[in-house]
Amino acid sequence: MKIPLGSSLRGRLIAFLFAAILLAALVQGIVAYRNILQQTDEIFDAQLQRTAESLTAGDGLISATPSTPPGPVPADSLIIQIWTADGARLFKSASGKLLPDPVVLGYSTVKADTSTYRVYAMATPFQVTQVAQDMDVRQKTARALALRSVGPIAAAAPLLMMVVWWVVGTSLRPVRRTRDELAKRQPETLAPVGEAGLPDEIRPLVHELNLLLERTRQAFAAQKRFVGDAAHELRSPLAALRLQLQALQRPGDEAARRVAVERLAAGIDRASRLIEQLLSMARHDAAATQTPPGRVELVQLMRQAISDILPDANAKTMDIGMAGAPEAWVQGDPDALALLARNLLDNAIKYTPAEGRIDVDIGIHGDAVTLIVDDSGPGIPPAERERVFDRFYRAQNHDAVGSGLGLSIADAVARRHDAAIFLEDAPRLGGLRVRVRFPLSFA
């Protein structure tokens, strides 16, 4: 039976269990062997005593015919000698062997010729009885009895090893099934691995593997979606740039060339803005499951976002104001929240006419933090407010050129932070109100 070793869990389990069985069987066999020898020695001593007692009549005289000694040892292995009280020998065993003098009452071990004997002697008022047993015969009989008791233990060890081999193999069969399932998979297969029938020690590992596969599947899906969206959305701006370039290459007057240059610059700006938003969306999708959340101070973050977009607002002579709580803490990723803030402000600037107004307000209401961005633009009709969160969807009630990604990115960031975005009418400015409700961070 070949035992697999090395780094195999099955091999190590079987090797250690086999070693434990062998060690336990060895210890048990040694203990049983020694106990049987000791018990057999005590039984033989008691046999000598009973034999001596059976050779003495009730009146203290030797019985006419010595009785056969009880027990597993043959009678001819015993030496029996009986003396009178004054030292005359009354009886000796048929073997003719004699024990050396003097007689020691009770148990003793003596040597006669080349043999060693275990002797028991007892005395009565009329006689002295001495019974001896050859130690070689005694020990051979004891060993035979001890070996017979150890035999079942030695026979049970291989049987127990076979049971252990079967149990370990059966218990690890679901693990082998999972391994075979993974080995047969194609690289693009990211379906979860079956957890049914797995041991409790292995199931958490497979569960974590399934979570990893799900995250990988989402990352691949985001990558494919990004590539598809980028290819779709970049096609039109690049085609427009090519047309403007061709217009510049055609001969014409200076005014026509100036118009073509302005259109080319505007097209480059639109393409740059689209590429920037596509990259922002890709970075957010990639970091959605990687960055651990922390405490973020939302008021300071919004001030920084306003500072970043202030040149665009000044270019349209817009007024931006901020009010509300002095500080508000939320739980999240500061880079992602900064992306949300910039997209909300950028949308407001883009769709608000020149010399318009944008108001930012941050408030704490119960266990929530509310961020409000109001603008004086045309707003969004209620029928379209759900659709503007779709990627590349553009509202139909304004002429501003955009990519349709701003609110989609903001909504994705908000969902990642367990926040919700609501689109409403701005009560004071008359345009669009974007209200974002965050859970308040108490940590």
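Leu301, Met302, Ala305, Ile306, Asp308, Ile309, Asp312 and Ala313 of helix α6 meet Pro334, Leu337, Ala338, Ala341, Arg342, Leu345 and Ile349 of helix α7, a contact being heavy atoms within 4.5 Å. The residues of this contact sort into twelve nonpolar, no polar and three charged. In that tally, Ala, Val, Leu, Ile, Met, Phe, Trp, Tyr, Cys and Pro are nonpolar, Asp, Glu, Lys and Arg are charged, and the others, Gly among them, are polar. This is a predicted model, where local features need pLDDT of at least 70 and side-chain atom pairs count only at pLDDT 80 or more, while totals for chains, interfaces and linings use all residues. Residues are numbered from 1 along each chain as its sequence is written, and side-chain values use heavy atoms, with hydrogens and water left out.

Two packed helices are described by the angle between their axes and the distance between the axes. For α6 (residues 298-315) and α7 (residues 334-351), the axes come within 9 Å and cross at roughly 40°. Axes here are lines fitted to C-alpha atoms, for helices over the stretch in contact, with angles running from 0 to 180 degrees between N-to-C directions. Helices are DSSP runs of H or I with at least four residues, strands are runs of E with at least two, and both are numbered from the N terminus. The α6 and α7 crossing is right-handed; a crossing gets that label if the near helix is turned clockwise from the far one by less than a right angle, and is left-handed if anticlockwise.

On its own, α6 runs for 18 residues and reaches 26 Å from its first C-alpha to its last, close to the 26 Å expected at 1.5 Å a residue. That expected span is 1.5 Å times one less than the number of residues. Even so, α6 has a kink of about 50° at isoleucine 309, shortly before proline 311. The bend at a residue is the angle between axes fitted to the seven residues ending there and the seven starting there. Ile309 also turns up among the buried residues of α6, together with Leu298, Val299, Leu301, Met302, Ala305, Ile306 and Ala313. Buried means under 20% relative accessible area, exposed over 50%, and partly exposed in between, using a 1.4 Å probe and protein chains only. The buried set of α6 packs against α7 and a run of strands: β6 (294-297), β7 (319-324), β9 (357-365), β10 (368-375) and β12 (432-439).

Ala336, Leu337, Leu339, Leu340, Asn343, Leu344 and Asn347 of α7 meet Gly406, Leu407, Ile409, Ala410, Val413, Ala414 and Arg416 of α8. The residues here come out as ten nonpolar, three polar and one charged. Overall α7 is mostly covered, with 13 of its 18 residues buried. Its end C-alpha atoms lie 26 Å apart, which agrees with the 26 Å that 18 residues should span at 1.5 Å a residue.

Most residues other than glycine have a negative phi, and most peptide bonds are trans. Threonine 317, in the loop between α6 and β7, has a positive phi of about 50° although it is not a glycine. Threonine 317 counts as exposed because its relative accessible area is 51%. Aspartate 418, in the loop between α8 (406-416) and β11 (420-425), also has a positive phi, near 55°. At 65% relative accessibility, aspartate 418 is exposed too.

Threonine 84 sits in strand β1 (residues 78-84) and, at 17% relative accessibility, is buried. Leaving aside residues up to four places away in sequence, threonine 84 touches Leu90, Phe126 and Gln127. Leucine 238, in helix α4 (residues 203-249), is partly exposed at 46%. Aspartate 390 belongs to the loop between β10 and α8 and is partly exposed at 39%. C-alpha to C-alpha, aspartate 390 and aspartate 411 are 9.3 Å apart, at a sequence separation of 21 residues.

Across the protein chain, the secondary structure comes to eight helices and twelve strands. Of the 443 residues, 38% are buried.
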